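I am opening a new notebook page for this structure. I want to look things up one at a time and write down what I find.

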Amino acid sequence: MSKAGKNFDYERASRALAAAALEGDHSAAQRENLTVRTLQNYRKRLQTDATLSQLFAEKKALLEREWAHEIAPTLRAALA
């Protein structure tokens with residue numbers, strides 16, 4: 001395993017990728033103090049890294065549930 005593989009921060013990568021899926025690369029990169037290129041590298045790694053893929057799916061699902069929970073009252077008020 002390469003040095004980069006040993007030091008890879010799965011939590012940060014999966015969190016950044018999940019945020020990018022919902023709010024875009026630039027916003028997520030800024031929030032996580034990463035470059036957009038780093039996000040692109042993380043996204044490429046998703047194709048071959050089962051651990052990253054699983055963590056990303058979990059974090060994205062959690063963010064989507066939180067978003068849906070937060071947006072529901074606004075939608076109800078708009079439709080009332």
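This is a predicted model: local features need pLDDT of at least 70, side-chain atom pairs count only at pLDDT 80 or more; totals for chains, interfaces and linings use all residues.

At the start of helix 2, which backbone nitrogen does a side-chain oxygen of Asp-9 reach? I looked, and the nitrogen belongs to Glu-11. The oxygen comes to within 3.3 Å of that atom.

**Confidence.** The average pLDDT of the protein chain is 87. A score of at least 70 is reached by 84% of the residues. Confidence is lowest in helix 1, residues 3-6, with a mean of 58. Helix 4, residues 36-46, has the highest, at 97.

**Helix 2.** I went back to this helix and tested its length. It runs over residues 10-23, which makes 14 residues. Next I asked which residues of helix 2 are buried. My list reads Ala-13, Ser-14, Ala-16, Leu-17, Ala-18, Ala-19 and Ala-20. Just after the helix I found Gly-24 with a positive phi of about 100 degrees.

**Aromatic rings.** How many aromatic pairs does a search of the whole structure find? I got two. One is Phe-8 with Tyr-10, an edge-to-face pair. Their centres are 4.8 Å apart, and 80 degrees lie between the planes. I checked burial for both partners. Phe-8 has a relative accessible area of 15%, so I count Phe-8 as buried. Tyr-10 is at 23%, so Tyr-10 goes down as partly exposed.

Phe-8 also pairs with Tyr-42. Here the ring centres are 5.6 Å apart and the planes stand at 90 degrees, so this pair is edge-to-face. I traced where the two partners sit. Phe-8 is in the loop between helix 1 and helix 2, while Tyr-42 is in helix 4. Taken together, Phe-8, Tyr-10 and Tyr-42 form one aromatic cluster.

I then looked at what lies over the face of Phe-8. I found Arg-45, at 3.6 Å from the ring centre.

**Ala-57.** My last stop was helix 5, residues 50-79, where Ala-57 has its place. Is Ala-57 buried or partly exposed? Its relative accessibility is 44%, so I wrote partly exposed. I also took a distance from Ala-57 to Arg-15. They are 42 residues apart along the chain, yet their C-alpha atoms are separated by 9.9 Å.

Methods. Residues are numbered from 1 along each chain as its sequence is written. Side-chain values use heavy atoms; hydrogens and water are left out. pLDDT is the predictor's confidence in each residue, from 0 to 100. Helices (H or I, at least four residues) and strands (E, at least two) are DSSP runs, numbered from the N terminus. Buried means under 20% relative accessible area, exposed over 50%, partly exposed in between (1.4 Å probe, protein chains only). The expected span of a helix is 1.5 Å times one less than its number of residues. A polar contact is a pair of N or O atoms within 3.5 Å; within protein, one must be able to donate a hydrogen and the other to accept it, and residues adjacent in sequence count only if both atoms are side-chain atoms. Rings of Phe, Tyr and Trp (its six-membered ring) pair if their centres lie within 6.5 Å; planes under 30 degrees apart count as stacked, over 60 as edge-to-face and the rest as tilted. A charge sits over a ring if NZ of Lys or CZ of Arg is within 6 Å of the ring centre and within 35 degrees of the ring normal.
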